[in-house]
Amino acid sequence: MKDNLFGDDWEIEPAGGETGKAFVAVHEDEKFFLKRNSSPFLAALSVENIVPKLIWTRRVENGDVITAQKWIDDSQTLDAENMREPRVAKLLGRIHRSEHLRDMLGRIEKKDYSCAYLLKQITVDIQTTSYNDTLILEAQRYLAENMDTLEEARHVVCHGDVNHNNWLLSGEDSLYLVDWDGAMLADPANDVGVLLYQYVPSAEWKNWLAEYGQELTPAFYKRLKWFSVCQVLMAMNWQYERGREPERLRLEQLLKKILSDNEVYATLCE
């Protein structure tokens with residue numbers, strides 16, 4: 001990367017992350033966040049001010065595409081407590097309601113995931129791995145038995161991994177949602193459900209969703225629970241394949257919590 005884009009007076013260092021495709025480039029007062037082979041969708045997200053500003057995109061000799069984004073000084077990722085804040089709900093709601101982003105992602109990625117497609121993918125994952133214990137099979141049965149009762153919503157741009165580490169707060173108090181490699185067109189409950197179950201106490205769901213722009217109805221709750229089970233199962237399989245047992249066990253506890261949750265639904269039906 002350095003030979004193709006930068007001179008010897010630039011310092012290029014890995015930026016961490018799961019894929020090893022992210023770097024930081026530094027020279028005197030200039031600093032960029034670089035990533036190899038990001039989605040072209042990044043440009044649309046930059047225009048909407050959802051990610052830090054995209055500075056340039058260049059193709060290098062080996063065919064890789066490198067993107068450079070503005071480095072955010074004094075930035076920090078949100079912690080679990082921050083995820084309960086109204087600004088998180090408002091930004092996610094703005095993303096899900098954006099027709100421009102929906103149109104752009106549909107043109108670029110063509111990842112349009114129905115609940116039937118997601119269940120099929122999970123079933124394949126379970127059949128092709130030895131990791132199929134009682135809890136996993138219980139979750140699969142729940143998805144299969146309840147899929148036909150869902151009132152699936154119009155598909156919107158979903159991030160696919162809204163954990164707190166992907167929310168970046170600048171020193172100037174601007175909030176960004178980063179790492180869009182898993183972006184897809186899907187029911188918005190794919191993002192909202194797993195966020196609520198991980199970070200927001202059930203007593204606060206109605207208020208959080210009001211900031212997001214959605215009423216908590218019995219029908220919406222069913223979608224939240226169904227897609228949360230779906231997302232956690234896929235995440236558990238991803239962690240299992242990479243031998244990351246501590247994170248898989250954390251997700252296992254989350255899955256148990258979601259499957260056993262009837263408190264919110266009972267309250268809604270009173």
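## Aromatic pairs

Seven aromatic pairs are present in this structure, which is a predicted model. One of them joins Trp205 and Tyr221 in a tilted arrangement, with 6.4 Å from centre to centre and 40° between the planes. This pair connects distant parts of the chain: Trp205 belongs to helix 8 (residues 205-212) and Tyr221 to helix 9 (residues 218-241), 16 residues apart. Both Trp205 and Tyr221 are buried.

Another pair is formed by Trp226 and Phe227, whose ring centres lie 4.9 Å apart with the planes at 75°, so this pair is edge-to-face; the cut-off for that class is an angle over 60 degrees. Trp226 and Phe227 are likewise buried.

## A ring cluster and a charge over a ring

Tyr197, Trp205 and Tyr221 are linked by ring pairs into a cluster.

A ring also takes part in a contact with a charged group: the charged end of Arg58 is placed over the ring of Trp56, at 4.0 Å from the ring centre.

## Strand 5 and its partners

Strand 5 (residues 65-70) is largely enclosed by the rest of the structure, because five of its six residues are buried. Strand 3 (residues 30-36) pairs with strand 5 in the antiparallel sense through five bridges. Within strand 5, Thr67 is the residue opposite Lys35.

Strand 4 (residues 54-59) also runs antiparallel to strand 5, and five bridges join the two. Leu54 has Gln69 of strand 5 as its bridge partner. Together, strand 4 and strand 5 make a hairpin with five residues between them. In the turn, Gly63 has a positive phi of about 100°.

Note on methods
Residues are numbered from 1 along each chain as its sequence is written. This is a predicted model: local features need pLDDT of at least 70, side-chain atom pairs count only at pLDDT 80 or more; totals for chains, interfaces and linings use all residues. Side-chain values use heavy atoms; hydrogens and water are left out. Rings of Phe, Tyr and Trp (its six-membered ring) pair if their centres lie within 6.5 Å; planes under 30 degrees apart count as stacked, over 60 as edge-to-face and the rest as tilted. Helices (H or I, at least four residues) and strands (E, at least two) are DSSP runs, numbered from the N terminus. Buried means under 20% relative accessible area, exposed over 50%, partly exposed in between (1.4 Å probe, protein chains only). A charge sits over a ring if NZ of Lys or CZ of Arg is within 6 Å of the ring centre and within 35 degrees of the ring normal. Two strands pair if DSSP finds at least two bridges between them.
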